[in-house]
Structure formats: C-alpha cells, structure tokens
Amino acid sequence: MGHGSSGAHTAPSTPAARRAGMRGRVDRFVREVVKFGAVGGAGVLVNLLVFNFVRHVTDLQVVRASIVATVVAIVFNYLGFRYFTYRDRDKSGRTREMSLFLVFSAVGLVIENGVLYTATYGFGWDSPLQSNIFKFLGIGIGTLFRFWSYRSWVFRALPAREPVTRAETFLEHEHPTAVPHADGAPAGHR
C-alpha cells in the first residue's frame, strides 16, 4: 500500500483486481462493437436501399448512385453513433467532432466506392447483382476503417476516473478511531 504522486492512497493491485479491470474493459469494448454494429447494420440497409432506389429511379451511373446512397448513410450513421453508440463520449467539441467525422467518412466513402468503381469500370462487373455484391464488399472494408477512426479520433473517450479506494482503506487512514481493533471493538470502545 503506497501513496501515488498526488498523495492519495490507492488500493493494492491484486491479480483478481487486474482481471476484473481487464474484464470490465473487454466488456465495454464488446458493448461498443455491438452498438457500432447495430447502427452500422441499419446504416448498411439505408445505404443499400437508397443505392438500389436511386439506381432504378434515376439515370445516374452506378458509382454516382452509390455516392448518393453513401452520403445519406453517413448522415444516418452520424446521428446513430452520436446519440446511441457514443452518447457517453466527450461532447465538448462538436465542431471538431463533426469535422473529423466528415473527413473520415469521406475517406470511407472513397474506400467503399473505390471497390465498386474498380469492379464496375475495371472488370466490367456491372449487373445489378454484381453491383450490390461489390457495394456490400466496399461497405465492409470501409466499415473497418470507420470503426477504427471514429472510436480513435472522432468520438473520443472521456478521461478515466480516479480509482475509488476501498472503504476500509479510507476509514483506516482518514478516521483511525472508527477502525475496529483485532478484538472487533471500535477504537476507544473497549
């Protein structure tokens, strides 16, 4: 048991405490991935529905229709990520957050639609089925990039809280008269 640089007393780090801390971090990461997947999955549906709608209702070329769909999905995803997946993250710099989101989303848009562009114009794979397959593949590759960039740069975690000291440690060092002696009686009450 020692004192940190702040002079505050910290609880000892036991193997069980380290495992519990690691388990907590893993649990939070899994919840984040599930929430990101839920919003992302809904975004994929929005993206594919808008893509196919625009493709069949307009005369836009395949990649242009895909870009329109991606932009609609980006707006949908921002709202889902900000107000569902990362609602507990730092909200102090919305302009910075929005700017970074748009920059990383634009990179994701290029990745996603670059796959479709390569399939369509590089290999001539442009049937509706082929376009949807490569659109979906591009979304998958772009999503990996987006997950990393959004969690690392856009929706930044709030600083970690100071670890809470154990109640016994607090009582032991702050209120020595309240700590029971070996016989179980509080100090001064023998």
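1. A salt bridge is taken here as a side-chain nitrogen of Lys or Arg within 4 Å of a carboxyl oxygen of Asp or Glu, and by this rule the count comes to five salt bridges. The structure is a predicted model, in which local features need pLDDT of at least 70 and side-chain atom pairs count only at pLDDT 80 or more, while totals for chains, interfaces and linings use all residues. Residues are numbered from 1 along each chain as its sequence is written, and side-chain values use heavy atoms, with hydrogens and water left out.

2. Glutamate 97 pairs with arginine 82 in a salt bridge whose closest N and O atoms are 2.4 Å apart. The partners sit in distant parts of the chain, glutamate 97 in helix H3 (residues 94-122) and arginine 82 in helix H2 (residues 62-85), 15 residues apart; helices are DSSP runs of H or I with at least four residues, numbered from the N terminus. Both residues are buried, that is, under 20% relative accessible area with a 1.4 Å probe and protein chains only, where exposed is over 50% and partly exposed lies in between.

3. Glutamate 112 and lysine 135 meet through their side chains in a salt bridge of 2.6 Å, N to O. Because glutamate 112 belongs to helix H3 and lysine 135 to helix H4, this pair ties together parts 23 residues apart in sequence. Both glutamate 112 and lysine 135 are buried. Elsewhere, salt bridges with shared partners join Arg82, Arg94 and Glu97 into one network.

4. Arginine 151 and glutamate 32 form a salt bridge between their side chains at 2.8 Å, N to O. Arginine 151 lies in helix H4 (residues 128-154) and glutamate 32 in helix H1 (residues 15-57), so the pair ties together parts that are 119 residues apart in sequence. Arginine 151 is partly exposed at 29% relative accessible area, whereas glutamate 32 is buried at 8%.

Notes:
Helices (H or I, at least four residues) and strands (E, at least two) are DSSP runs, numbered from the N terminus.
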